[in-house]
Amino acid sequence: MSPPHIAVYGATGHTGRLVAADLRDRGAEVILAGRDGNALKAMSEELSGALVHEAALDEPASLRDLAGSADVLIHCAGPFTDTGRALATAAAQAGCHYVDHALEQHHTKWMFDTMGRPAREAGITMVTAMSFYGGLGDLLAGAAAAGMTGVDRVITAYSVTGWRLTTGARKTAELLFADTRRITYTDGAEHVGYVEPRNAVFPFPPPLGPRTMIAPVPFPEVVTVPRHVAARQVEAQLTAHTFEEEQAFTSEHVDAATRAGSHFTVAAQVITPDGNRAGQARGHDLWRMSALASVEAAVRLAGGRGPGPGVFGPAEAFPAEPFLRDLERLGLFRLTLQEER
Ligand SMILES: NC(=O)c1ccc[n+]([C@@H]2O[C@H](COP(=O)([O-])OP(=O)(O)OC[C@H]3O[C@@H](n4cnc5c(N)ncnc54)[C@H](OP(=O)(O)O)[C@@H]3O)[C@@H](O)[C@H]2O)c1
């Protein structure tokens, strides 16, 4: 069987490089894509001759050609607020499966609201928010809530230390926190409007223990989780400490090895009147975790192991616990699922 052709848009960025390297290790034919031809050629030489496709966002025909040459397109160039529509549209027009790393709530909502029909007509699967922030929370919520009914609240909580933001991540974070049209999910419905973040305490299990959290943070679980868990309220939270670390916003140019030094615990708590369930992933290097999650999704889609045509969040696209167990086997984190009474 010939190896799948997988295009990586934004291949020269930190996430794109990790994605391309892992695809190569898995034997895929990688197409390095983006707007900077020279940087792509240099990267191709480093990878002993991967295919290259230069295309800017305002070149729709060239983006369609790119998608037409691939079985799956992994979109790694953010902010997705700026780049998401061009690539998703090209993938649907060319009939190419699509996976993205979006953190932005509004891009994720746009994918569900706008791309469902084109995806179904093209017979392709589009998976949005398949990454660390947003994606891991959605998968943990799906795994913890499996089989539960009467769910009152789902909280996804991220404890992160040593996060050194890239240029793309810094721009994305600035856009997110400046956006006053935040999506929240309360009383079983989506709402859009400004929400003043509060300080909350999330009870991470030992050894971490209770932590002060920014709540809510504008992550996409409010859009993805209600699609597979019938909850009254969904909220994402992030440790306040994460952004208090001085190096978070001043490390755009650190090397990859330094960037790999992040540590995380991500928990999803599913609360019902009769008891709670929780899922937890504890690991290191959130960038690598992001990259490998998208590769795992792309390899499954290329191999015909997707949910069929349409737009999906991570835990809708793939059975959540088996998907997480496969990532756990790659050594990315330790997964724990438990009942709480
Ligand atoms: N949800 C998560 O947990 C998660 C995890 C990882 C990444 N992400 C998201 O993925 C995105 C990339 O992150 P990163 O760490 O890889 O950032 P990065 O290292 O700064 O790389 C960004 C890449 O995107 C390209 N790019 C940016 N704007 C573009 C545009 N307008 N047109 C074409 N290409 C463009 C850049 O190309 P140039 O070099 O030509 O500028 C570069 O290749 C960010 O939005 C980040 O938030 C999310």
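How do the residues of the lining of the second largest pocket divide into nonpolar, polar and charged? The sections below treat this pocket and the ligand site of a predicted model.

## Second largest pocket

The lining of the second largest pocket divides into five nonpolar, four polar and five charged residues. In total 14 residues line this pocket, and those nearest its centre are T81, E104, H106, D179 and R181. The space within the second largest pocket amounts to about 240 Å³.

At least two lining residues come from each of α4, α5 (105-114) and α8. Of these helices, α5 gives the largest share, with four residues. Because domain 1 (5-131 + 290-320) and domain 2 (133-285 + 323-338) both contribute to the lining, the second largest pocket lies between them.

## Ligand shell

The ligand is surrounded by 26 residues, the closest being H14, R35, Y133, T166 and G168. By class, the shell around the ligand holds eleven nonpolar residues, 14 polar residues and one charged residue. Residues of this shell are drawn from both domain 1 (5-131 + 290-320) and domain 2 (133-285 + 323-338), so the ligand lies between the two domains.

## Ligand contacts and cover

A side-chain N or O atom of T172 is 2.9 Å from an oxygen atom of the ligand.

Two or more shell residues come from each of the elements α1 (14-25), α4 (80-94), α8 (167-178) and α12 (286-302). The largest share of the shell, four residues, belongs to α8.

Methods
Residues are numbered from 1 along each chain as its sequence is written. This is a predicted model: local features need pLDDT of at least 70, side-chain atom pairs count only at pLDDT 80 or more; totals for chains, interfaces and linings use all residues. Side-chain values use heavy atoms; hydrogens and water are left out. A residue is near a molecule or strand if one of its heavy atoms lies within 4 Å of it. A polar contact is a pair of N or O atoms within 3.5 Å; within protein, one must be able to donate a hydrogen and the other to accept it, and residues adjacent in sequence count only if both atoms are side-chain atoms. Ala, Val, Leu, Ile, Met, Phe, Trp, Tyr, Cys and Pro count as nonpolar, Asp, Glu, Lys and Arg as charged, and the others, Gly among them, as polar. Domain bounds come from an automatic or database domain assignment. On a 1 Å grid over the protein atoms alone, a cavity is a set of points where a 1.4 Å probe fits but cannot get out, and a pocket is an open set with protein on both sides within 12 Å along at least five of seven lines; lining residues have an atom within 4 Å of a point. Grid points are joined across faces, edges and corners, and a volume is the space filled by probe spheres set on the points.
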